[in-house]
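Student: I have just opened this model and would like a friendly tour. Could we go through it together, one question at a time?

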Amino acid sequence: EIRGQSPYTLNELKLRSRQSEERIVDLASMTVNILERWKKVHNTLPKTIFYYRDGVSDGQFVNVLTRELNLLEYGFKQIDATYNPQLVIIVGQKRHQTRLW
């Protein structure tokens, strides 16, 4: 099972090169998998989902969040066509000077 994000691709020479946009790999299927596990343990689906996303630059913000929101909603509909939880999205952007400790 692949989980997480990968900013790398393999080119024709099988060398790793960094993409300009970081994408979450298989977000829709991860959403379905996690929600199925939740439902198995709790016998219900969550009413509110917190989605934390880190590493999004200002130039990628709208594109990345729009794409990922669509994938999350697609995953919700795979679980149940009427499932529409409240979604809270928290984004940590790149190159900020805030330090939390």
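**A first look at the chain**

The chain has an accessible surface of about 7800 Å² (Shrake-Rupley method, 1.4 Å probe), and 53% of that surface belongs to carbon and sulfur atoms. This is a predicted model, in which local features need pLDDT of at least 70 and side-chain atom pairs count only at pLDDT 80 or more, while totals for chains, interfaces and linings use all residues. Residues are numbered from 1 along each chain as its sequence is written, and side-chain values use heavy atoms, leaving out hydrogens and water.

Student: In what order do the elements of the chain run from the N terminus on?

Tutor: Helices here are DSSP runs of H or I with at least four residues, and strands are runs of E with at least two, numbered from the N terminus. The chain has two helices and four strands. From the N terminus on, their order is β-β-α-β-α-β.

Student: Are α1 and α2 parallel, perpendicular or oblique to each other?

Tutor: Two packed helices are described by the angle between their axes and the distance between the axes. The axes of α1 (residues 27-42) and α2 (residues 61-79) come within 8 Å and cross at roughly 40 degrees. Angles under 35 degrees count as roughly parallel, over 145 as roughly antiparallel, 65 to 115 as roughly perpendicular and the rest as oblique. The two helices, α1 and α2, are therefore oblique.

Student: How many nonpolar residues does the contact of α1 with α2 have?

Tutor: Contact means heavy atoms within 4.5 Å. On the α1 side, Leu27, Val32 and Leu35 are among the residues involved, and α2 brings others, including Leu71, Phe76 and Ile79. By class, the contact of α1 with α2 has three polar residues, two charged ones and, as the number you asked for, nine nonpolar.

Student: Is Glu68 buried or exposed?

Tutor: Glu68 lies in helix α2 and touches Ile24, Leu27, Tyr51 and Arg53, not counting residues up to four places away in sequence. Buried means under 20% relative accessible area, exposed over 50%, and partly exposed in between. Because its relative accessibility is 2%, Glu68 counts as buried.

Student: And how far apart in space are Ile24 and Arg67?

Tutor: Ile24 is found in the loop between β2 (16-18) and α1, and is buried, with a relative accessible area of 11%. In sequence, Ile24 and Arg67 are 43 residues apart. From C-alpha to C-alpha, the distance between Ile24 and Arg67 is 10.0 Å.

Definitions and conventions: Axes are lines fitted to C-alpha atoms, for helices over the stretch in contact, and angles run from 0 to 180 degrees between N-to-C directions. Ala, Val, Leu, Ile, Met, Phe, Trp, Tyr, Cys and Pro count as nonpolar, Asp, Glu, Lys and Arg as charged, and the others, Gly among them, as polar. Buried means under 20% relative accessible area, exposed over 50%, partly exposed in between (1.4 Å probe, protein chains only).
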